[in-house]
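Reader: I would like to go through this model with you, one topic at a time. Could we begin once it is on the screen?
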Amino acid sequence: MQRIKTVVGLATIALFSSLTMAEPSFAATDGNCGSGEICMYFNYFADGTMYDTGSSLSNFAGKKFYGSALDLNDNVASARSRALIVNFFLCEDANYNGANLKIGPGATDTSLGAMANQASSEYWDLYRGERPPRAWPVLTDPFFRLMDPS
């Protein structure tokens, strides 16, 4: 009986571990600036090829704009937030380091100022606007993100 309990317990742990470690489907870029996403554009004025995501990215290296060979890293010229209450921050360096630029809920920044073509990571923050520590779980769970109703 003890052996059965142990096997069931280990199977339960394995199941929940795989569910919590899987990347959510909303995190994939699809070229559609959908509700609850942040959309980063290669061109100014939120135009041209774009990268859309519903989760934080600690490093843009290796990421490409949707349908393009253009690298996302250091090539974001404008951004649009489709989140209702979540702040979005572009960071100059990977792992949320360096200077950052806040883009509020529902806002579009058409030029990003000094941050244009400098961003290497981005994160979502519900309240404080503080950088997450390296081990901080950034907002990737849809439970924590309220969606834009449009």
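Reader: How many residues lie between β1 and β2 in their hairpin, and which residue in the turn has a positive phi?

Author: Three residues separate β1 and β2 in the hairpin, and Phe45 in the turn has a positive phi of about 65 degrees. Please note that this is a predicted model, where local features need pLDDT of at least 70 and side-chain atom pairs count only at pLDDT 80 or more, while totals for chains, interfaces and linings use all residues. Residues are numbered from 1 along each chain as its sequence is written, and side-chain values use heavy atoms, with hydrogens and water left out.

Reader: Over how many bridges do β1 and β2 pair?

Author: Strand β1 (residues 38–43) and strand β2 (residues 47–53) pair over five bridges in the antiparallel sense. Strands here are DSSP runs (E, at least two residues), numbered from the N terminus, and two strands pair if DSSP finds at least two bridges between them.

Reader: And which strand do four bridges join to β1?

Author: That is strand β3 (residues 78–81), which runs antiparallel to β1. Met40 stands opposite Tyr51 in β2 and opposite Ala79 in β3.

Reader: Changing topic: in what order do the three strands of the open sheet come?

Author: The order is β5-β4-β7, with antiparallel pairing. The edge strands, each pairing on one side only, are β5 (97–103) and β7 (121–125). From one strand to the next the twist averages 25 degrees, with axes taken as lines fitted to C-alpha atoms and angles running from 0 to 180 degrees between N-to-C directions.

Reader: Over how many bridges do β4 and β7 pair?

Author: Five bridges connect β4 (residues 87–93) with β7. Phe89 stands opposite Tyr123 in β7.

Reader: Which other aromatic ring pairs with Tyr123 edge-to-face?

Author: Tyr96 does, at 5.5 Å centre to centre and with 80 degrees between the planes. Tyr96 lies in the loop between β4 and β5 and Tyr123 in strand β7, so the pair ties together parts that are 27 residues apart in sequence. Rings of Phe, Tyr and Trp (its six-membered ring) pair if their centres lie within 6.5 Å; planes under 30 degrees apart count as stacked, over 60 as edge-to-face and the rest as tilted.

Reader: Is Tyr123 buried or exposed?

Author: Tyr123 is buried, with a relative accessible area of 0%, and Tyr96 is buried at 8%. Buried means under 20% relative accessible area, exposed over 50%, and partly exposed in between (1.4 Å probe, protein chains only). Ring pairs link Phe89, Tyr96 and Tyr123 into a cluster.

Reader: Which residues have the most contacts inside the largest nonpolar core?

Author: They are Met40, Phe60, Leu72, Val76, Phe88, Leu90 and Leu112, in a core of 19 residues. Such a core is a set of buried Ala, Val, Leu, Ile, Met, Phe, Trp, Tyr and Cys residues joined through side-chain atoms within 4.5 Å. The elements that give two or more residues to this core are β1 and β4.

Reader: Finally, which cysteines does the disulfide join?

Author: Cys33 is joined to Cys39, with S to S 2.0 Å; the criterion is a pair of cysteine sulfur atoms within 2.5 Å. A search of the whole structure finds one disulfide.

Reader: What is the handedness of the link between Cys33 and Cys39?

Author: The link is right-handed, with 105 degrees about the S-S bond. Cys33 counts as buried at 10% relative accessibility, and Cys39 is buried at 0%.
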